[in-house]
Amino acid sequence: MLGIHQLWLFILSGLLLNITPGPDTAYIIGRSIQFGWRGGAAAATGISAGCLVHVFGAAIGLSALLMASSAAFAVLKWVGAAYLLFTGVQMLLSRSRPLAETGVSGNGSAGSETSLARVFWQGALTNVLNPKVALFFLAFLPQFVAAESAHKTLAFLVLGLIFITSGTLWCFCIAAFAARAAGRIRQSAGAVAWINRALGGLFVYLGIRVAMLEAR
């Protein structure tokens, strides 16, 4: 259907890739500990939204054009690196208080809408501005679409949505588990500060990696 072949292998590969711990997992766990289930869900949804942008880019050929243009690749790379480094340094320098004092409950309720929106956009932009994510989908999806398919765009979208949906569900599970296990941590200013520093360090690390990325 649509030129998609070995769908079972794609689903299995996608599941294995999604459950493999990485920077996105660390970000979701950190935000779940800080803001509860809703914080983790906002992080997961943002990450998925960022991936969806790259799926659409791969489907319509935009990602291929991006990777073929050294200038466009360089612009995306340096904008992404600058954003990640700025966000990371900002988090490293921020002062955190126990969430009980900030009006954010363990479920991410009253007074937390701005924080949750920030968590979402950080997750989304971290992926949108990362050329490595574009390279991943550009290399992964075509392996399961026949070269002679007349519906490559639709096939790419279907496969991308399957991958992102399974990944989002897995990330929601991670968020729920982390939020449930971290009730007491959220009441400690020291613990919240260290989590913020760890996430800040993660963003700085990702920014450096993106800056060093070369088009292939």
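This is a predicted model: local features need pLDDT of at least 70, side-chain atom pairs count only at pLDDT 80 or more; totals for chains, interfaces and linings use all residues.
Local features here need pLDDT of at least 70 and side-chain atom pairs count only at pLDDT 80 or more, while totals for chains, interfaces and linings use all residues. Residues are numbered from 1 along each chain as its sequence is written, and side-chain values use heavy atoms, with hydrogens and water left out.

The structure holds 11 aromatic pairs. Rings of Phe, Tyr and Trp (its six-membered ring) pair if their centres lie within 6.5 Å; planes under 30 degrees apart count as stacked, over 60 as edge-to-face and the rest as tilted. In one of the pairs, the ring centres of Phe10 and Phe144 are 5.2 Å apart and the planes stand at 70°, so this pair is edge-to-face. Phe10 sits in helix H1 (residues 7-19) and Phe144 in the loop between helix H7 (131-140) and helix H8 (152-181), so the pair links parts of the chain 134 residues apart. Helices (H or I, at least four residues) are DSSP runs, numbered from the N terminus. Phe10 is buried at a relative accessible area of 1%, and Phe144 is buried at 5%. Buried means under 20% relative accessible area, exposed over 50%, and partly exposed in between (1.4 Å probe, protein chains only).

Another pair is formed by Phe137 and Phe163, with centres 5.7 Å apart and planes at 90°, so it is edge-to-face. Phe137 belongs to H7 and Phe163 to H8, so this pair ties together parts 26 residues apart in sequence. Phe137 is buried, with a relative accessible area of 1%; Phe163 is buried too, at 8%.

In soluble globular proteins, nonpolar side chains tend to be buried together. A nonpolar core is a set of buried Ala, Val, Leu, Ile, Met, Phe, Trp, Tyr and Cys residues joined through side-chain atoms within 4.5 Å. The largest such core has 49 residues, of which Phe10, Tyr27, Ile28, Phe137, Leu141 and Leu159 touch the most other members. Among the helices that each supply at least two residues of this core are H2 (23-59), H4 (70-93), H6 (113-128) and H9 (189-212). H2 gives the largest share, 12 residues.

H2 also packs against H7. Their axes, which are lines fitted to C-alpha atoms over the stretch in contact, with angles running from 0 to 180 degrees between N-to-C directions, come within 9 Å and cross at roughly 50°. Cys51, His54 and Val55 in H2 meet Val133, Ala134 and Phe137 in H7. Contact means heavy atoms within 4.5 Å. Not counting residues up to four places away in sequence, Phe137 touches Cys51, His54, Val55, Pro142 and Phe163.

Val158, in H8, is partly exposed at 26% relative accessible area. Val158 and Val55 are 103 residues apart in sequence and 9.5 Å apart in space, C-alpha to C-alpha. Asn18 lies in H1 and counts as buried at 16% relative accessibility. Leaving out residues up to four places away in sequence, Asn18 touches Phe163, Ser166, Gly167 and Trp170.
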